[in-house]
Amino acid sequence: MAETYSVPLSKVVSQFDLKIAFQSTDYEKIQITVADVARPGLQIAGYFDHFEPMRLQVIGNVESSYLDKMTSAERLLVYDRLFSFKIPALIAARDLVPSEEVLAMAKKHNITILRWAGATSS
């Protein structure tokens, strides 16, 4: 039987010097079980086939600029759908400031939102 390894989200936050923009109520219990991260560009565009919700999701300049072209209502729908998959956390790279819509949906779905000063390619 294959063993499943995990690391607490709080340890990832500490190790990579991430800043918490919104902390879910279950933050201390969240375990990261998949080493890979994902950039949810296709999911932001509405494509969820083969989506791996157990990965940390990272948004950078490309995703942010695409979202900026949407209306507030459209962004709410995007984040509502993305967060309905109960991802472990969303990381805004390049120290991007989370929008009102992302924070509103994070509160609704109890999803931790993090900020990181690094680039998505780092």
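These notes walk through the sheet, the helices and a few individual residues of the predicted model above.

1. A word on the ground rules. This is a predicted model in which local features need pLDDT of at least 70 and side-chain atom pairs count only at pLDDT 80 or more, while totals for chains, interfaces and linings use all residues. Residues are numbered from 1 along each chain as its sequence is written, and side-chain values use heavy atoms, with hydrogens and water left out.

2. Let us start with the sheet. Five strands form an open sheet in the order β2-β7-β6-β5-β4, and the pairing is mixed. Strands here are DSSP runs of E with at least two residues, helices are runs of H or I with at least four residues, and both are numbered from the N terminus. Two strands pair if DSSP finds at least two bridges between them. At the edges sit β2 (19–22) and β4 (37–38), each of which pairs on one side only.

3. Next, the partners of β6. Strand β5 (residues 56–59) runs parallel to strand β6 (residues 89–92), and 3 bridges join them. Within this pair, glutamine 57 stands opposite leucine 90, and valine 58 has isoleucine 91 as its bridge partner. With β7, strand β6 also pairs in the parallel sense, over 4 bridges. There, alanine 89 faces threonine 112, and isoleucine 91 faces leucine 114.

4. The antiparallel part is worth a look too. β2 and β7 pair in the antiparallel sense over 3 bridges, with phenylalanine 22 opposite isoleucine 113 of β7.

5. Which way do the side chains of β6 point? Ala89 and Ile91 point one way and Leu90 and Ala92 the other, and all are buried. Buried means under 20% relative accessible area, exposed means over 50%, and partly exposed lies in between (1.4 Å probe, protein chains only). In a regular strand the side chains alternate between the two faces of the sheet.

6. Now helix α3 (residues 61–68). Its buried residues are Glu63, Ser64 and Leu67. They cover an arc of only 100° around the axis, so they lie on the same side of α3; the arc is that of the directions from the helix axis to the C-beta atoms. This buried set packs against α2 (41–44), β5 and α4. Turned away from the buried side, the opposite face of α3 carries the exposed residues Val62 and Asp68.

7. Helix α5 can be read in the same manner. Glu101, Val102, Met105, Ala106 and His109 are buried in α5. Their arc around the axis is only 135°, which puts them on the same side of α5. An α-helix has 3.6 residues a turn, so residues three or four places apart point the same way. The buried residues of α5 pack against β2, α4, β6 and β7 (112–115), whereas Glu100 and Lys107 are exposed on the other side of the helix.

8. How do α4 and α5 pack? Helix α4 (residues 72–83) and helix α5 (residues 100–109) meet at an angle of about 35°, and their axes are 9 Å apart. The axes are lines fitted to C-alpha atoms, for helices over the stretch in contact, and angles run from 0 to 180 degrees between N-to-C directions. The crossing is right-handed, the term used if the near helix is turned clockwise from the far one by less than a right angle.

9. The residues of that contact (heavy atoms within 4.5 Å) are Ser72, Arg75, Leu76, Tyr79, Asp80 and Phe83 from α4, and Glu101, Val102, Ala104, Met105, Ala106, Lys108 and His109 from α5. They divide into 7 nonpolar, 2 polar and 4 charged. For this count, Ala, Val, Leu, Ile, Met, Phe, Trp, Tyr, Cys and Pro are nonpolar, Asp, Glu, Lys and Arg are charged, and the others, Gly among them, are polar.

10. Two loop residues deserve a backbone check. Most residues other than glycine have a negative phi. Lysine 86, in the loop between α4 and β6, has a positive phi near 55°; at 37% relative accessibility, this lysine counts as partly exposed. Asparagine 110, in the loop between α5 and β7, has a positive phi near 60°.

11. Finally, glycine 118, located in the segment after β7. Is glycine 118 buried or exposed? Its relative accessible area is 16%, so glycine 118 is buried. Leaving aside neighbours within four places in sequence, glycine 118 is in contact with Ala93 and Arg94. Glycine 118 and leucine 18 are 100 residues apart in sequence and 9.6 Å apart in space, C-alpha to C-alpha.
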